Amino acid sequence: MASAGFNDSDLLDLQRRLVILRVGLLLVVALLALRLWHLQIREGPYYRDLSENNRTRSVVLEPARGLIFDRNGVLLANNVPSFTLYVTLEDVKDRQALVAQLASLLNLDPDVIQKKLSIGKGSKLQPRKIKDRLTLREATLIESHRLDLPGVMIQVESQRNYPGGAVAAHLLGYVGEVSADQLEKAEFADLHQGSIVGQYGVEKTFDRQVRGRAGQKSVEVDALGHEKRAVVAERPVAGDDLYLTIDIRLQKIAEDLLGEESGAIVALDPTTGDILAMASRPGFDPNVLSKELTNKQWVEIVQNEGRPLNNRAMQGQYPPGSTFKVVMAAAALESNTVTPSTTVRCNGGYQFGNRLFRDWKAGGHGSVDMNEALIHSCDVYFYTVGQRMGIDTIAEYAKQFGLGQETGIELPSERVGIVPSTAWKQKARNQPWYPGETISAAIGQGYVTVTPLQMASVIGTVANDGVAVRPRLVQAVMNRAAGERAEFPPTIRGKVAVRPATLALIKSALADVVTKGTATRAKSPLVTIAGKTGTAQTAALRTGPEKDIPKKFRDHAWFVAFAPVEAPRIAVAVLAEHMGHGGSAAAPLAKDIIEAYVKAYPQVVGGAPAGNRTKVPVPAVEARPRT
Amino acid sequence: MIDRVIDSRGLDSFDLRFIGLIAVILSVGVLSIYSVTHSQDTAFPFYLKQLVWILLGTAAFLVMYLSDYHKIARLAYPTYAVILILLAVVLVMGKSSRGAQRWIPIGPFAFQPSEFAKLVLVLVLANYYSRVPRVGWLQRVVLPGLIVLPGLLLILKQPDLGSGLSFLAVYAAMLLMVGVRSKALGIILLLSVMLFPFVWEMVWASLHDYQRQRVMAFVDPDYDPGGKGYHALQSKIAIGSGELSGKGLYGGTQSQLKFLPEGHTDFVFAVYAEEWGFVGVLVLLALFIALIWVSLEIAARAKDTLGALLAAGIVAMLCFCVVVNIGMTAGMFPIVGIPLPLVSYGGSATIMTMASLGLLLNVKRRRLTLFY
């Protein structure tokens with residue numbers, strides 16, 4: 001059958017045209033090869049990276065925080081396993097739907113989830129922490145919806161736990177997720193959204209040591225974000241353990257002594273500076289604060305009138321009242337304003353200009369010398385010597401004893417109080433110092449304010465014969481991996497320029513305060529105690545008997561003490577807000593703490609060998625020349 | 001009697017290079033399909049099914065090889081009519097998959113008429129041009145265009161953009177072969193340019209949303225990488241990450257971890273490229289070039305215009321599928337559903353391709369005959 005349309009020449013023509021197909025084919029295939037060369041050779045490494053990221057998700061392995069112990073090895077803070085939920089945005093197909101789903105499964109505010117998904121640096125490959133401490137029910141619920149929740153991952157992580165609950169809460173502090181603001185700072189550069197950091201207390205100050213180092217896990221996932229295989233690339237390194245100086249038994253006693261009242265008790269070893277107990281009431285439960293709080297919960301805590309987050313022992317600033325007379329005594333004797341035998345006549349008041357400054361004892365104390373003035377807390381005596389010394393001399397000695405400055409305790413946000421002077425007033429108030437103001441300052445009123453910790457340090461310095469040791473809260477850090485325990489030696493801050501004779505006089509007078517003075521309620525059959533009462537006025541004008549005054553206007557009760565008198569091993573400062581007189585309200589508490597200490601450490605009294613007593617070398621400080 | 005003589009010479013024309021190339025390319029396909037799907041726990045895995053298709057394809061190859069292509073060409077019009085009916089049936093009762101109706105279910109299998117339509121179109125056009133005198137652009141361009149049109153429209157309606165484009169490619173290749181004079185070519189070009197906006201409008205309007213988005217994703221690859229650009233991006237990652245020597249068999253994480261969708265069908269080339277790298281890619285391209293080269297030789301030596309046109313049409317169709325498939329997986333073209341001949345999984349495509357190659361070899365075989 002011959003072709004109807006084409007003849008042989010047509011066939012040849014047709015076949016010649018095949019050349020076009022040949023050339024076209026070669027050209028196109030060359031183009032394809034070029035394109036594939038570009039993809040596989042030139043951009044190969046780039047696509048290789050993309051394919052690695054496609055399948056692997058890098059998951060941070062949170063380190064376990066270091067444990068915290070008291071001085072006897074009692075556990076104060078540990079970690080318990082808990083479920084934490086993460087979301088990897090890269091694997092999330094529909095973000096809005098996921099947020100809605102998680103919000104309903106976990107009973108969370110969708111906005112909170114949205115916010116967590118958007119905080120922090122890092123790519124979509126970086127898993128974001130959405131919620132920790134999932135209940136078993138929530139974790140199970142999520143796991144059962146696993147296939148509908150691509151990009152969602154539940155990790156078992158350790159959560160901070162404080163077995164003692166609220167005990168020592170102000171010292172231990174609490175932990176929380178690093179905030180967006182914190183992440184901006186250099187010190188948190190190695191952290192990421194969801195990292196846990198100490199937010200208060202030693203958890204905060206020692207965060208670097210306790211935090212540990214995060215590890216990393218590579219998780220191979222499929223296109224739906226489901227985990228296929230996991231490889232641990234780097235193990236997390238647990239944080240170091242902390243050994244605190246406190247004795248948790250004393251701490252508990254101190255907190256119980258304050259009970260429902262507001263106030264603070266500080267007990268320290270004057271020879272080493274070890275804080276044995278440091279109570280502040282009201283307190284809080286760090287277990288609650290270490291969880292994620294709702295806005296409402298947080299507002300409730302912050303706006304609570306008792307201000308439980310305030311560590312009154314080092315952030316509460318109160319007029320020291322008569323406890324300030326300890327400093328006044330040293331100042332008056334060392335500045336040669338008076339001698340031990342100088343007497344002042346006390347008729348129950350001190351006239352200055354047209355104003356009468358009253359003594360606390362209506363009839364007056366009669367003629368008193370320094371010893372008696374301290375024992376009976378005679379105001380007129382100190383008005384008189386204060387007036388003679390002038391405010392700047394008082395300020396100079398107060399500073400020597402460490403007032404008006406940080407004690408250097410390892411806790412964040414320590415307050416320093418006020419040591420008034422002419423320079424201070426000019427600077428702070430832009431006013432000259434009025435001589436009448438010196439009279440108030442002389443009995444620890446007026447502008448003078450201190451923290452209970454500072455007063456414990458002051459009385460400790462007296463007890464330690466003038467050697468000021470920096471109060472410390474952390475004894476040692478234990479590196480668990482290396483098994484090395486690094487002890488922190490006590491730090492001498494300096495020696496006050498006060499002659500031994502002066503200190504001896506003051507110590508003896510303070511011992512008499514307890515045996516026959518204003519603090520007989522601190523007298524103990526177990527141990528000799530020396531101390532000084534104080535009553536800090538809160539309102540300038542008060543009339544009528546104490547019990548008729550509303551509690552919030554009542555005076556603060558102070559008591560500072562040390563024991564045993566012969567070889568002091570404990571110094572205590574008690575401040576009970578609105579509890580009235582130091583002798584009645586504060587002194588018994590100090591006695592209870594001291595007795596508890598003596599019972600716990602019987603070697604402190606009697607001939608028992610002072611087992612762990614540290615001999616603190618006294619630096620040579622030039623004594624102030626007598627003039 | 002003459003036929004018997006021809007038949008005795010058949011073995012000489014049984015080109016071993018040609019058969020060998022087909023066998024090797026088919027093996028690459030089965031291996032790649034096995035690699036992507038081996039972790040799936042199914043009673044009748046994809047690679048076994050593909051072996052069945054190859055077996056059926058071999059039967060189709062032999063039938064097409066052993067029959068007389070003139071007789072086959074004579075059946076072109078009725079076959080085309082049947083195909084048009086089947087394409088209409090697909091639209092009415094076809095099986096849908098991802099928004100397109102392309103399949104007629106037959107028991108557990110599905111038959112895709114649009115695949116076979118491509119071969120039938122080659123037959124129809126070759127038959128037409130071998131009978132129509134080379135005069136007048138009406139007979140050369142418009143009439144055959146009217147033959148192409150119903151099939152094209154029915155296929156685009158499914159929509160099967162890939163098969164539709166293959167249709168146009170076959171038509172264009174045929175026009176090229178019969179020689180369109182420069183004047184006619186000019187008119188076609190002018191008309192095309194003038195009509196393009198309207199045609200594009202029509203095509204764009206007839207596209208499904210997902211297809212429009214794919215085109216958008218092609219124009220801007222970063223447009224919605226998790227969504228419509230997903231296929232294109234994952235495919236490029238798969239190919240690119242293969243680098244020079246590949247990740248090895250089963251080592252392709254893109255495909256093994258299911259980042260690459262349709263790894264056993266339209267994107268099988270990406271799987272292969274990820275596992276075997278640029279070296280493997282060059283080998284496969286060389287295999288295809290060799291197969292097409294041999295096919296072009298057959299076309300060039302065909303003893304009559306029908307044979308030459310059949311061979312050229314088949315070659316053009318295969319070339320188009322290979323180039324467009326690889327081009328789309330490599331991100332050069334928008335993604336249209338075109339399988340890689342002999343490699344992609346699929347019954348209709350495998351059988352159709354093997355039948356086409358059988359017909360091609362038939363042309364070579366008939367070259368040696370003196371009488372028919």
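Start by selecting helix 23 of chain A, residues 582-600. Keep in mind as you look around that this is a predicted model. The helix runs for 19 residues and covers 26 Å between its first and last C-alpha, close to the 27 Å expected at 1.5 Å a residue.

Next, jump to A:Lys425, which sits in helix 19 (residues 422-429) of chain A. Is this lysine buried or exposed? A:Lys425 is buried, at a relative accessible area of 0%. Show what it touches, leaving aside residues up to four places away in sequence: A:Asn430, A:Gln431, A:Pro432, A:Trp433, A:Tyr434, A:Glu437 and A:Tyr447.

Time for some backbone checks. Select A:Arg281 and A:Pro282, which are joined by a cis peptide bond with omega about -5 degrees. A:Pro282 belongs to the loop between strand 12 (275-281) and helix 12 (286-289) of chain A. Another cis peptide bond links A:Ala563 to A:Pro564, with omega about -15 degrees. Here the proline, A:Pro564, is in the loop between strand 22 (556-563) and strand 23 (570-576) of chain A.

Go to A:Asn336, where phi is near 60 degrees; you'll find it in the loop between helix 15 (325-334) and strand 13 (344-346) of chain A. A:Asn336 counts as partly exposed, at 30% relative accessibility. Then pick A:Asp465, with phi near 55 degrees, in the loop between helix 21 (452-463) and strand 17 (467-469) of chain A. A:Asp465 is also partly exposed, at 43%.

Last stop: the interface. Colour the chains separately and select the 58 residues of chain B that contact 41 residues of chain A. Together the two chains bury about 4600 Å², 71% of it on carbon and sulfur atoms. How many salt bridges are there between chain B and chain A? The count is one: zoom in on A:Arg48 and B:Glu243, whose closest N and O atoms are 2.7 Å apart. On the chain B side, helices 8, 11, 12, 13 and 14 each supply at least two residues, and helix 13 gives the largest share, 14 residues. Colour that side of chain B by type to see 35 nonpolar, twelve polar and eleven charged residues.

Technical notes. Residues are numbered from 1 along each chain as its sequence is written. Chains are lettered from A and ligands numbered from 1 in the order in which they are written. This is a predicted model: local features need pLDDT of at least 70, side-chain atom pairs count only at pLDDT 80 or more; totals for chains, interfaces and linings use all residues. Side-chain values use heavy atoms; hydrogens and water are left out. Contact means heavy atoms within 4.5 Å. Buried area is the accessible area (1.4 Å probe) that two parts lose on being put together, summed over both. A salt bridge is a side-chain nitrogen of Lys or Arg within 4 Å of a carboxyl oxygen of Asp or Glu. Helices (H or I, at least four residues) and strands (E, at least two) are DSSP runs, numbered from the N terminus. Ala, Val, Leu, Ile, Met, Phe, Trp, Tyr, Cys and Pro count as nonpolar, Asp, Glu, Lys and Arg as charged, and the others, Gly among them, as polar. The expected span of a helix is 1.5 Å times one less than its number of residues. Buried means under 20% relative accessible area, exposed over 50%, partly exposed in between (1.4 Å probe, protein chains only).
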